[in-house]
Amino acid sequence: HIPVDAVFDETVALETLQNYPLIFLANTAILDQNEVRIFRDYVKRGGKLIATLDTSLYDLDGNPLSDYTLGDVLGIRYKGKADFSTHYYRLPQGFLSVDIMPGWDISIPGVAHLAESAGAEAQGELKLAFYDGPPFHTLGQSDHNSPWKTVAPAVFLNRFGQGQAAYIPFALDAAYVGELPLPEHRIFLRNLLRYLYPNPEVRVDAPLNVEAVITEEPTLRQYIIHFIACQPSRDIDGVNARRRPNLMEETPLYRAQIHLQQRPRQVRSLSKKTQVVQKENTIALQMEDIHEAVVISV
């Protein structure tokens with residue numbers, strides 16, 4: 001339910017980044033010196049940054065470095081690799097574990113890094129699985145063993161200049177499109193984003209299987225928010241994979257909320273079946289259509 005855009009390395013510039021309240025470096029392993037300078041200036045001037053796994057840990061030839069080139073921005077130092085095929089993370093009670101059971105061990109496929117604080121606030125736990133060691137021999141009949149010991153924090157939060165940065169030492173972003181997706185992967189990232197950027201112009205709360213697309217019409221002073229309720233296909237097995245359309249024979253019934261920074265002048269839904277209740281800056285909706293659009297005048 002969070003609108004995103006893509007910025008490419010061929011055209012990245014400080015002036016471009018400053019159009020965005022938050023930048024997400026999803027395992028952006030290779031950054032040249034100019035890009036490091038741009039991201040450092042972006043955060044120093046008040047920008048917000050989230051980075052995961054290998055971000056800034058490789059040189060231009062793809063060779064591993066001894067430390068993060070964005071280490072001062074992220075407030076961390078590199079210690080080594082937790083080189084198992086599956087890890088676990090655990091979040092403490094608080095803003096990071098909203099809608100997640102605090103103290104639960106949540107599986108995260110893939111390797112992870114051991115980082116330590118160099119000024120950042122460390123939270124949560126990164127835990128090894130109970131293997132008998134690389135090359136990933138499992139014990140018993142399961143492909144994935146139980147969580148074992150804590151080896152590093154799960155997330156680092158840092159203030160740099162006028163901005164803030166966060167680092168997650170595993171591929172939280174890639175996990176959800178892998179073979180073992182969990183809603184906690186998405187929710188953790190959402191909670192982190194809301195911590196860094198708590199007051200967006202529009203915030204949508206809806207079930208995880210509902211896609212929300214926010215469109216702004218500045219000349220009309222309107223927002224058009226589309227809701228699409230379906231369970232999308234995750235068949236991404238290869239170029240020759242056959243894709244089947246999602247079955248949407250039954251219309252859903254669900255609730256959602258839209259939160260604005262100011263009280264809207266008018267709210268209307270395209271469907272007459274949608275129930276709309278406005279209270280100050282919050283719009284509560286009950287919908288029963290696969291697709292619905294809500295037009296908000298501000």
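**Salt bridges in the predicted model**

Asp 72 and Arg 40 pair up through their side chains in a salt bridge, with 2.8 Å from N to O. Asp 72 sits in helix α3 (residues 71–74) and Arg 40 in helix α2 (residues 33–44), so this contact ties together parts that are 32 residues apart in sequence. Asp 72 is partly exposed, its relative accessible area being 38%. Arg 40 is partly exposed too, with a value of 22%. As the model is a predicted one, these figures are computed from it. Across the whole structure, a search turns up 10 salt bridges.

Another of these pairs brings Arg 90 and Asp 105 together, at 2.9 Å from N to O. Here the link is again between distant parts of the chain: Arg 90 belongs to strand β4 (residues 86–90), while Asp 105 is in the loop between β4 and β5 (106–109), 15 residues apart. Arg 90 comes out as partly exposed at 25% relative accessibility, and Asp 105 gets that label at 26%.

Arg 194 and Asp 205 also meet through their side chains, in a salt bridge of 2.6 Å, N to O. Arg 194 is in helix α5 (residues 183–196) and Asp 205 in strand β12 (residues 202–205), so the pair links distant parts of the chain, 11 residues apart. On the arginine side, Arg 194 is partly exposed, with a relative accessible area of 25%.

Some of the contacts go beyond simple pairs.

Definitions and conventions. Residues are numbered from 1 along each chain as its sequence is written. This is a predicted model: local features need pLDDT of at least 70, side-chain atom pairs count only at pLDDT 80 or more; totals for chains, interfaces and linings use all residues. Side-chain values use heavy atoms; hydrogens and water are left out. A salt bridge is a side-chain nitrogen of Lys or Arg within 4 Å of a carboxyl oxygen of Asp or Glu. Helices (H or I, at least four residues) and strands (E, at least two) are DSSP runs, numbered from the N terminus. Buried means under 20% relative accessible area, exposed over 50%, partly exposed in between (1.4 Å probe, protein chains only).
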